[in-house]
Every structure is written in C-alpha cells, then in structure tokens.
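Hello,

I am handing this structure over to you. Please have it open while you read the notes that follow it.

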Amino acid sequence: RGDPREFVRLNRLALESPWVSEHLPEWVDLIFGFKQKGKHAVAAVNCFYYLTYEGAVDADSIEDETQREAILSQISNSGQTP
C-alpha cells in the first residue's frame, strides 16, 4: 500500500497479461478505429459529449461572447475525442 514500485509492478502484470493482448484490437477500434463515431460507436456505447469531437462547433462563428467563452471552457475542460 502506497508503494509506487508495487503499483507499477501490478499495472505491468495487468497490461502485459494474455487477456489484454487478446483484447487490445477491440480497444484500438474504440479509440482510433471504426467504433469511434456513428452507429458503431453507439452500438459499442462509445459516445462522448458532442463538444469533445473535433469540428463539432465553429467557435469563431458564435457572436455571443458569453456563449463562446462557455463553449471554449467546456472544450478546454473536457478534452478532445481523438
């Protein structure tokens, strides 16, 4: 408990396990592949808040300064979906 080496050891065991190796392609499909957007993302329950998707909103076109700042703040705090 509280030992950083033990933390790294346990995480390494998990990440290098046969189960993770077997399921890694599924994760790649979710993060970078065809299950990232659209119907496949919905079926995989892999959907995120709309502002996290690149190009979801054109901040320059928002005339209301308060609304633009609010949206930019949400994007900044939420991060961007790859």
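Which backbone nitrogen does a side-chain oxygen of Asp 3 reach at the start of H1? The backbone nitrogen of Arg 5, to within 3.0 Å. A polar contact here is a pair of N or O atoms within 3.5 Å; within protein, one must be able to donate a hydrogen and the other to accept it, and residues adjacent in sequence count only if both atoms are side-chain atoms.

The model is predicted, with local features needing pLDDT of at least 70 and side-chain atom pairs counting only at pLDDT 80 or more, while totals for chains, interfaces and linings use all residues. Residues are numbered from 1 along each chain as its sequence is written, and side-chain values use heavy atoms, leaving out hydrogens and water.

Helices are DSSP runs (H or I, at least four residues), numbered from the N terminus. The expected span of a helix is 1.5 Å times one less than its number of residues. H1 covers residues 4–15, and its end C-alpha atoms are 16 Å apart, in agreement with the 16 Å that its 12 residues should span. H1 is hardly covered, as the count of buried residues in it is 0. Buried means under 20% relative accessible area, exposed over 50%, and partly exposed in between (1.4 Å probe, protein chains only).

H4 has 14 residues, 65–78, and reaches 20 Å from its first C-alpha to its last, close to the 20 Å expected. At its start, a side-chain oxygen of Asp 64 comes to within 2.9 Å of the backbone nitrogen of Thr 66. Gly 79 follows H4 and has a positive phi, near 85°.

Loop residues

Gln 36 lies in the loop between helix H2 (18–31) and helix H3 (38–43). Its relative accessible area is 14%, so Gln 36 is buried. Leaving aside neighbours within four places in sequence, its contacts (heavy atoms within 4.5 Å) include Asp 29, Asn 46, Tyr 53 and Pro 82.

The loop between H3 and H4 holds Val 45 and Ala 59. Val 45 is not a glycine, yet its phi is positive, about 50°. Val 45 counts as exposed because its relative accessibility is 74%. Ala 59, in turn, is buried, with a relative accessible area of 15%. Not counting residues up to four places away in sequence, Ala 59 touches Arg 68 and Leu 72. The C-alpha atoms of Ala 59 and Glu 69 are separated by 8.8 Å, with the two residues 10 apart along the chain.

Regards

Definitions and conventions: Helix = DSSP H or I, 4+ residues; strand = E, 2+ residues; numbered from the N terminus.
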